[in-house]
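Here is a short walk through one protein model, written to be read with the structure open beside you. Take your time and follow along in the viewer.

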Amino acid sequence: MNQLPLTGIKVVEFSHMVMGPAAGLALADLGAEVIKIEPVGAGDKTRYLPGSGAGYFPMFNRNKKSLAVDLKSPAGLELVRELIDQADVVTENFRPGGLEAMGLGYEDLSKTNPGLVYLSMKGFLQGPYEQRAALDEVVQMMGGLAYMTGPPGQPLRAGTSVNDIMGGLFGAMAVMAALLERTRTGRGQQVRSSLYENNVFLVGQHMAQYGVTGVAASPMPARLSAWAVYEVFATRDEKIFIGVVSDTHWRSFCAAFGLEELAQDQSLATNPARVAARDRILPVIRDRLAQLTQEEASALCEAANLPFAPIQRPEDLFTDPHLAQPGAMPEVTLSNGRKLPLPALPIEMDGHRLGVRLDLPQAGEHSATLAAELGYDPQQVEELIEAGVISAPVQEPHQAPHPT
């Protein structure tokens, strides 16, 4: 692609952790100039999280510039205000009222930049819970997702930051809609996305099921499946999921796995009949799968065009042949210099995936350049650095190659 869709859009991002950075990632990958505001010195604390948080920064901060600035100093605040006056979008996922107290809320900023689109990402939208603190776990527990994920009586959070990530993506979608509306009205607006309402949207299908049938949805491990064969099966070595979701699939499945007796049993000819007979047919299928390796079972399913999936761990995805396709896993450079391939946005545009234009920024990597672009001369920039108003990294920055 010669020019990305959001080329020319400038975004100032106040964010940490996952939700805010995920919104900025989507906008940045689509071509926007995203400037991440970080504390002077070491920068965003998300850079240094251990354990399950160690992947947050490298996953959600490619294609961004870093401005490390002291917002508590008048000079730093003024610099950021000048930057925002030239921006199209501000995004933030800090505690309610935090930026407003510094004069960086939408009402103040829109006075000098009426075309500004201002995205606030919070735990809750308007309502009684609006001021509550929230985490992904919190809204999963109160929004029904943990109940649906774990066995009965054992609520279990989903295995990734689903609400943080999707809440950020919905926020990015709202930004793009507001930018489009700005082309008609000439004015920006404040838009919001949230963790809780995102979670409720995700479980909306289960709410609808109850509304339609009057029967409450059971947790996924205890659900009555809509299909007879929709299970994880043990093979001789590893496990595999197989879904047989039509009568045509059933005939193909039986033929592929040599289950002629089941195929010829007319009492199993329809899916409802097979669901009623699960206790009879599943042991036969389990015995057959146990004779095969996962690779053998996968080959039979693929040849028969059946839905199937080997059970993989996140680390297995680095060697998944499908993800070896060009553009599927663009590389970023970690702070130790190691290259790490990570997932691209799951979209194609004009047949192409969206790649890395800017590598992961070091804290303050673009501070001096951005100040110069605002009109600060070299001596003023140096004075800002010496006064601790902005900071720049000592090391040489990593530069990603331009995508071809």
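## About the model

This is a predicted model, in which local features need pLDDT of at least 70 and side-chain atom pairs count only at pLDDT 80 or more, while totals for chains, interfaces and linings use all residues. Residues are numbered from 1 along each chain as its sequence is written, and side-chain values use heavy atoms, with hydrogens and water left out.

## Two domains

The domain assignment gives domain 1 as 10-202 + 327-391 and domain 2 as 225-310. Such bounds come from an automatic or database domain assignment. Taken over C-alpha atoms, the centres of domain 1 and domain 2 are 45 Å apart.

## Lysine 64

Let's look at K64, which is found in strand β3 (residues 64-69). Helices (H or I, at least four residues) and strands (E, at least two) are DSSP runs, numbered from the N terminus. K64 is buried, with a relative accessible area of 0%; buried means under 20% relative accessible area, exposed over 50%, and partly exposed in between (1.4 Å probe, protein chains only).

Where does the side chain of K64 reach? Leaving aside neighbours within four places in sequence, K64 is in contact (heavy atoms within 4.5 Å) with residues including E13, V34, L358, D359, P361 and H366. P21, G24, L25 and A28 are also among the contacts of K64.

## Helix α1

Helix α1 covers residues 19-29, and eleven of its eleven residues are buried, so the helix is largely enclosed by the rest of the structure. Among the buried residues of α1 are M19, L27 and D29, as well as P21, G24, L25 and A28. Just after α1, G31 takes a positive phi of about 115°.

## The three-stranded sheet

Now to an open sheet of three strands, with the order β7-β8-β9 and antiparallel pairing. Because β7 and β9 (308-310) stand at the edges, each with a single partner strand, one side of each is left without a neighbour in the sheet. Neighbouring strands of this sheet are turned by 15° against each other on average, direction ignored; the axes behind such angles are lines fitted to C-alpha atoms, for helices over the stretch in contact, and angles run from 0 to 180 degrees between N-to-C directions.

Strands pair if DSSP finds at least two bridges between them. Six bridges join β7 to β8 (residues 239-244), and a hairpin connects β7 to β8 through four residues. A234 stands opposite K239 in β8. On β7 (residues 229-234), V229, E231 and F233 form the covered face, while Y230, V232 and A234 form the uncovered one. Three bridges join β8 to β9, and I242 stands opposite F308 in β9. Helix α13 (residues 278-289) packs on the sheet and touches β7 and β8, its direction making about 40° with that of β7. Helix α14 (residues 294-303) also packs on the sheet, touching β8 and β9, and its direction makes about 20° with that of β8.

## Serine 218

Not counting residues up to four places away in sequence, S218 touches M148 and R223. S218 and N163 are 55 residues apart in sequence and 21 Å apart in space, C-alpha to C-alpha.
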